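Visitor: I have a structure to look at and a few questions about it. Please show it first.

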Amino acid sequence: MPSPRTQNEQSGRPAPSGKQRDAFFDNAKYLAIVLVAIGHAWEPIKGDSRILEAAYTVVYTFHMPAFIIISGFFSRSFDMRPDRLRRLITGVAVPYIVFETAYPLFKRVVDNDPQQEISLLDPWYLTWFLVALFVWRLTTPIWNAVRHPLPLALGIAMLASATPGIGDDLDLQRVLQFLPYFVLGLCMRPEHFHMVRRRSVRIASVPVFAAALAVGWWAVPRMNTAWFYHRDAAQELGAPWWAGPVMVLAMFGCSLLLTACFFAWVPRRHMWFTALGAGTLYGYLLHGFVVKAGEYQGWFEHSVLHQPLGEIAVSVLAAVLVTLLCTRPVRRIFRFAMEPRMEWAFKRDAAELARERERREEGKKETREKVSA
């Protein structure tokens with residue numbers, strides 16, 4: 001998918017006429033967000049099943065890295081042009097403020113917790129990704145300017161993993177520890193995605209995923225799952241400081257391997273769910289309300305959900321839910337919060353006005369030519 005569509009892809013707006021979307025990336029985003037929702041639904045019930053815990057570990061190894069790599073890939077052309085800054089504010093910063101306020105209010109009402117605080121500095125549940133995306137994209141010109149961006153990003157992530165003093169403000173641990181995946185996306189080109197979509201890679205990915213599940217099953221009683229969240233320093237997980245940098249590198253390698261296997265199995269052609277790839281941010285932010293409501297109301301405590309058939313049912317329901325939340329009707333309803341226009345808040349850029357005048361003149365010229373013909 002060519003880079004000029006970056007802003008439309010990230011905001012969920014339709015691609016401009018004449019620029020066709022690449023079905024592969026829409027399919028990848030949809031499938032990744034389905035895995036995110038399933039992972040969140042597994043969290044309250046996985047404690048009773050070692051197999052489910054292993055699957056949860058494997059999914060958490062690659063689902064957000066895959067999503068972040070795609071976000072980085074479509075941010076390659078981001079610069080400080082006023083229109084792109086406006087889209088960054090309306091498509092990322094404003095939804096963060098809205099949902100960072102909505103989630104605590106939801107907990108106050110549904111969980112009967114009037115003491116729940118609202119803080120824009122402490123991302124709540126899913127909103128950390130919006131903070132991270134805002135910071136990552138804002139720093140894109142820096143990563144495009146330096147000579148070796150990926151080693152530098154890895155070095156920053158390694159240092160962050162050994163620095164508990166960073167604190168919880170804006171969830172900076174996650175912002176910094178997931179940074180290498182975004183920078184990798186910035187460094188990638190379309191041909192890199194074609195490399196993992198070969199038949200040989202698809203075949204090889206089957207034993208790789210089988211081995212990953214086996215390792216995940218073995219690691220369940222031996223490893224703290226919190227490492228996969230990238231939200232704590234090593235010392236906060238009860239490990240020595242040097243374990244942080246080691247785990248960052250080890251998990252980066254494992255995540256890239258499984259992400260490549262995931263991309264290998266993403267369909268390249270247009271599927272029934274391809275159009276839903278444009279609404280993945282809607283599904284991401286909205287499904288959390290249902291998951292949290294289930295936790296507050298004790299839905300996940302029913303014994304039937306802690307049996308194999310119940311776990312399968314929860315997985316299917318989570319996939320169906322997030323699919324519905326990515327559809328056009330839902331996007332139309334919530335566009336006021338996710339993609340507000342807000343022309344009233346910004347000054348018109350002189351260069352943008354000039355481009356509009358140029359487009360109008362070209363339109364008038366084409367009209368005159370048609371009339372004269």
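**Cavities, confidence and annotated spans**

Visitor: What is the volume of the second largest cavity?
Guide: This is a predicted model, and the volume is computed from it. The structure holds 2 cavities of 30 Å³ or more. For the second largest cavity, the volume is about 40 Å³.

Visitor: Which elements give two or more residues to the lining of the second largest cavity?
Guide: The lining consists of E53, T57, G216, A219, V220, M223, N224, T225 and F228. Two or more of the lining residues come from each of helix 3 (50-73) and helix 11 (199-219).

Visitor: How many residues of that lining are charged?
Guide: The lining of the second largest cavity includes 4 nonpolar and 4 polar residues. The charged residues number 1.

Visitor: What is the pLDDT over residues 1-18?
Guide: The chain has a mean pLDDT of 89, and 92% of its residues reach 70 or more. Residues 1-18 have 45 contacts in the model beyond near neighbours in sequence. Over this stretch the pLDDT is below 50.

Visitor: How far apart are the end C-alpha atoms of residues 23-42?
Guide: An unreviewed UniProt entry annotates several spans as "transmembrane region", including 23-42. In the model, residues 23-42 are 100% helix and 0% strand. Their end C-alpha atoms are apart by 28 Å.

Visitor: How much of residues 240-265 is helix?
Guide: The span 240-265 is also among those annotated "transmembrane region" in the UniProt entry. Its end C-alpha atoms lie 38 Å apart.

Methods:
Residues numbered from 1 in each chain as written. Predicted model: local features only at pLDDT ≥ 70, side-chain atom pairs only at ≥ 80, totals over all residues. Heavy atoms only, no water. pLDDT = per-residue confidence, 0-100. Contact = heavy atoms within 4.5 Å. 1 Å grid on protein atoms, 1.4 Å probe; cavity = no way out; pocket = protein on both sides within 12 Å on 5 of 7 lines; lining within 4 Å. Points joined across faces, edges and corners; volume = space filled by probe spheres on them. Helix = DSSP H or I, 4+ residues; strand = E, 2+ residues; numbered from the N terminus. Nonpolar A, V, L, I, M, F, W, Y, C, P; charged D, E, K, R; others polar. UniProt positions renumbered as here; feature names shortened; annotations may be inferred.
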